[in-house]
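The following paragraphs lead the reader through a single structure. Please keep the sequence and the 3D view at hand while reading.

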Amino acid sequence: MILGRVRPSPFYSLVALLSWPFVKGLFRLRAEGVENLPPGGFVLAANHLSNLDPWPLGIPLFPRRYLRFMAKAELFWWPLGPLIGMGGAFKVHRGERDLDAINKAVDLVREGHIVVMFPHGTRQRKGLVKRHRPHSHSGAARIALDGNVPLVPAAIAGTDRLLRLGPMRVRYGKPLDVDGLDPRAVTEKLMVEIERLGEGL
């Protein structure tokens, strides 16, 4: 659906329109696997390199799809908080079992939204990723299982090298088969697939 019942906010649309020429032209964003994304609501889980990761995830899908983001509560200060809220984000208290944020995400995916999660929990610092397996969080798996919606892995590259003008890359995977798996097992499967998608980006 193009701008169906799940519509981006005016602010989300404005930011997407203004940044599209820079992301697609200057930073040479290329996307693979858009055809893998299912209709309706789902959880989109990706690696996390920088605060600009939402752009390569969202721009290839605009204006047909609208992304919602779980953002750390520390970002919701005036005037940034209202702006990122208008951009589709909602707050989560990191380091706590924030059931309100989880329930909010479950409600959103059930309503047809795409909720973006970064299961690494924080940005990955260059060099550490290859030497140490990042600690993963099971929130993305729990939301997908509780909401009974697909869990889709994705990999991002290039948002940590903006001074070299990219290139930015994103690769969307196919929804994972999670039948009969608990959240921890789903998370392990998800992390393996994100790492596989990132190879060669």
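**Salt bridges, sheet and aromatic cluster**

Arginine 196 and glutamate 193 meet in a salt bridge, with their closest N and O atoms 2.6 Å apart; a salt bridge is here a side-chain nitrogen of Lys or Arg within 4 Å of a carboxyl oxygen of Asp or Glu. Both residues belong to helix α7, where three residues, about one turn of the helix, separate them. Helices (H or I, at least four residues) and strands (E, at least two) are DSSP runs, numbered from the N terminus. Arginine 196 is partly exposed at 46% relative accessible area, whereas glutamate 193 is buried at 16%; buried means under 20% relative accessible area, exposed over 50%, and partly exposed in between, for a 1.4 Å probe and protein chains only.

The model is predicted: local features need pLDDT of at least 70, side-chain atom pairs count only at pLDDT 80 or more, and totals for chains, interfaces and linings use all residues. Residues are numbered from 1 along each chain as its sequence is written, and side-chain values use heavy atoms, with hydrogens and water left out.

The structure holds three salt bridges. Arginine 184 is partly exposed at 38%, and glutamate 188 is partly exposed at 36%.

Which parts of the chain does the pair of arginine 171 and glutamate 32 link? Arginine 171 lies in strand β7 and glutamate 32 in strand β1, 139 residues apart. Their side chains form a salt bridge of 2.8 Å, N to O. Arginine 171 is buried, with a relative accessible area of 18%, while glutamate 32 is partly exposed at 37%.

Two strands pair if DSSP finds at least two bridges between them. Strand β3 (residues 67–72) pairs with β4 in the parallel sense over four bridges, and alanine 71 stands opposite lysine 91 in β4.

Rings of Phe, Tyr and Trp (its six-membered ring) pair if their centres lie within 6.5 Å; planes under 30 degrees apart count as stacked, over 60 as edge-to-face and the rest as tilted. The rings of tyrosine 12 and phenylalanine 62 have centres 6.4 Å apart and planes at 45 degrees, so this pair is tilted. Tyrosine 12 lies in helix α1 (residues 10–26), and phenylalanine 62 in the loop between α2 (54–58) and β3. Tyrosine 12 is buried at 10% relative accessibility, and phenylalanine 62 is buried at 16%. Tyrosine 12 and tyrosine 66 form an edge-to-face pair, 4.7 Å centre to centre with 85 degrees between the planes. Tyr12, Phe62 and Tyr66 form one aromatic cluster.
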